[in-house]
Amino acid sequence: MMDETRDLKFVLVGDKGVGKTSFCEILTSKDFKGDPKDEVSPPVIIPPGIIGGTDQITLLDTNAGDLESIERVLAIADAVFLFVREGDTTTVSNAMDVWLPFLRKNNVQTPLLIIRHQADRESKVSVEQKKAFADAFEAFVRMISDPFFTQNGVFISESSIKEPRLIWKTIFHARSSVLNPVLPIYDYEAKTFRPKAKRAFERIFRILDEDKDNSLNDAEMKKMQHRVFNTPFSDGDLREMRAKLKEVDASACDERGVTLVGFNIIMLFFVQKGACEGIWELLRKFGYNDDLELSPRIPEMMIDPEQCLEFSEKGREVMREIYDRYARDGSITHSQLASLLEEADNVFVVDDFVGHVNISRANGMNFRSFLSFFIMQLQLDYPRVAKAMFLWKEDVDIESLFVRSKSRSIDRKMHTMSRKLIRVFVFGSHGCGKTSLMNGLIRRKHKQPEPTKELHHVCGYVRHEGVEYHCMMTEIPQDLMEEVVSNKRMMMQCDVALMAYDARDAHSFQMLMVVQRKLIESRPSGVPSIYVLTKTDGDEDIVEQVSPVKPDVFCRTLGLPWPPVFSELNGDHVVAEDLMESVVQTALSPEVATPVIPTQSSMGSLVLTGMGVLLLAVGGYAVFKWFKRS
């Protein structure tokens, strides 16, 4: 709301002669004398910027005798000014008996400003008149304490034709009341903060509590004051504030500083003083909109399929800072992670991490796994990551935290890889062990997984020649393989294909031959492929594969690495020796594992000088015929 340009309409009501028209005309006439007016003032427009902000303000005077007209303008009012004349008990009585019931009848849900207007500050009022007015006004104040009025904010102000500054002050306060409403924050009837406000204050408190000791020490309070209000907090101010808090509730402060109880009491002080602009300044600084919903502005990031999105150096530094808020001894536990995610309004929850990165209840999660998770999510749901980053670090430029990588095709031409993220697609038949293989590669303990029916992603990390790479693996269920492989945009994201086949299933490799052919059709430049033989542990023998072409002949003819990598269960982990290292090397030098399709002419050019070459030629011709037939 603070960033929008609006035309705020303030409606002036009250008895005839209380000063409504004078209130308007003193703003428009340089030689205003304060003479009584019978006619209603035309609308007074205050252009944007006169009292700050970008809002235009329109004052609408009314005729006390024309209630129908007043009803029409009340329907468009952003705030209502109810006038009484200082020293005149009749105007106070009418305010109670006529105007407040009239506002209630019209269900006016706006801030209400009670204006004690003085036509001339030099006029004499007897002691008896002053006392009678004070008693009447006290009864009036009790009446406007009704939650119907207080829920939108009730404020008492003074105005005088002799002091225009009071009029400007009233208008400024009205504008602030409209733009910083109390209704979404405080329930006057229940005399407590509303649930959304409570959650917001708790989240902000957690963020401000940098040392995570459940109290805001002097340094943290001073940092908040400067960060939100850009004003200093002296040691004397802090001592005085803590003393006031303890008068309200002994638990508002402890030996370390201000507790969450005390923080909420500070917010209550703002409400009681009618200074909700202070609360809204705090809320907006931490990303809340007018409905107390977190609403960050997420910059668009257009990504080509051949690119990926990664954290910039600054982004990695910010992620480290965020992780270190709760991590202890190089690890973050489930409960610590839950507290950290609460600061980002649970855009992500702990269960989002489980099954996708190396995290356990016993050992928690290190920073590299934490970073792996968010690198993976950047590829899947960038706006969600950006929102979380904003909520954790609302004072940074979100766009500066991310970088687009170079296109994969450009990297291939340059024989280099500028990215630190490697995308791996894992293919294989039902039950061949794809999920267990992926869990082993990210160092997750092995447990019998449920059958995978949807794309499943995990992300781990590996260090290669002094550089840390993150490896995001996507499991492709058998039922989705044809759909994925035929999706050219999706396949453009693949750096390496892991082709898993089951050592105990004789027909497992045959399905991979079909996948390999479709991969070549989808991406003629070729998808680097590594074959992995799973379930090689135990006493059972490795079965011979039943396929049109033997696995070794098939792979060697296509120029693919052979023999396959073996994976096995070793204690609590599935181990594929050096597979992660092979994935990185293949991504860096894709030509070593990119299939080369045999042609009839290439078959004919083979020189048959020895049994090994003869077998290769015959096998190559078989592969060629199989590709042609398929």
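1. Contact here means heavy atoms within 4.5 Å. The model is a predicted one. With that cut-off, Phe-374, Gln-377, Leu-378 and Leu-380 in α15 meet Tyr-382, Arg-384, Val-385 and Trp-392 in α16. By class, this contact of α15 with α16 has six nonpolar, one polar and one charged residues.

2. Now the geometry of that pair. The axes of α15 and helix α16 (residues 382–392) come within 6 Å. They cross at roughly 130 degrees. The two helices, α15 and α16, are therefore oblique to each other.

3. Helix α15 (residues 367–380) also has helix α12 (residues 313–324) to look at. The axes of α12 and α15 come within 11 Å and cross at roughly 125 degrees. That makes α12 oblique to α15. The crossing of α12 past α15 is right-handed.

4. Which residues of α12 and α15 meet? On the α12 side they are Arg-316, Met-319, Arg-320, Ile-322 and Tyr-323. On the α15 side they are Phe-367, Phe-370, Leu-371, Phe-374 and Ile-375. The class count for α12 with α15 is eight nonpolar, no polar and two charged residues. Note Phe-374: this α15 residue is listed in the contact with α12, and it is listed in the contact with α16 too.

5. Another helix pair is α7 and α11. The axes of α7 and helix α11 (residues 276–285) come within 11 Å, crossing at roughly 65 degrees. This crossing of α7 and α11 is left-handed. From α7, the contact takes Ala-200, Phe-201 and Ile-204. From α11, it takes Ile-279, Leu-282 and Leu-283. The class count for α7 with α11 is six nonpolar, no polar and no charged.

6. Next, the domains. The domain assignment of the protein chain gives domain 1 (7–179), domain 2 (187–294) and domain 3 (309–404). Domain 4 (417–597) and domain 5 (599–629) complete the assignment.

7. How far apart are the C-alpha centres of domain 3 and domain 4? They lie 28 Å apart. The contact takes 15 residues from domain 3 and 17 residues from domain 4.

8. The size of an interface is often given as the accessible area lost when the parts come together. For domain 3 and domain 4, the area buried between them is about 1500 Å². Carbon and sulfur atoms give 55% of that area. In domain 3, the residues that lose the most area to domain 4 are Glu-310, Asn-358 and Arg-368. Together these three account for 33% of what the domain 3 side buries.

9. Two backbone details deserve a check by eye. Most residues other than glycine have a negative phi, and most peptide bonds are trans. Lys-212 is not a glycine, yet its phi is positive, about 55 degrees. Look for Lys-212 in the loop between α7 (195–208) and α8 (218–229).

10. The other detail is a peptide bond. Is the bond that joins Trp-562 and Pro-563 cis or trans? The bond is cis, with omega about 10 degrees. Pro-563 is found in the loop between α22 (551–557) and β16 (565–570).

How values were computed: Residues numbered from 1 in each chain as written. Predicted model: local features only at pLDDT ≥ 70, side-chain atom pairs only at ≥ 80, totals over all residues. Heavy atoms only, no water. Axes fitted to C-alpha atoms, helices over the stretch in contact; angles between N-to-C directions. Helix = DSSP H or I, 4+ residues; strand = E, 2+ residues; numbered from the N terminus. Parallel < 35°, antiparallel > 145°, perpendicular 65-115°, else oblique. Left-handed = near helix turned anticlockwise from the far one by under 90°. Nonpolar A, V, L, I, M, F, W, Y, C, P; charged D, E, K, R; others polar. Domains from an automatic or database assignment. Buried area = accessible area lost by both parts, 1.4 Å probe.
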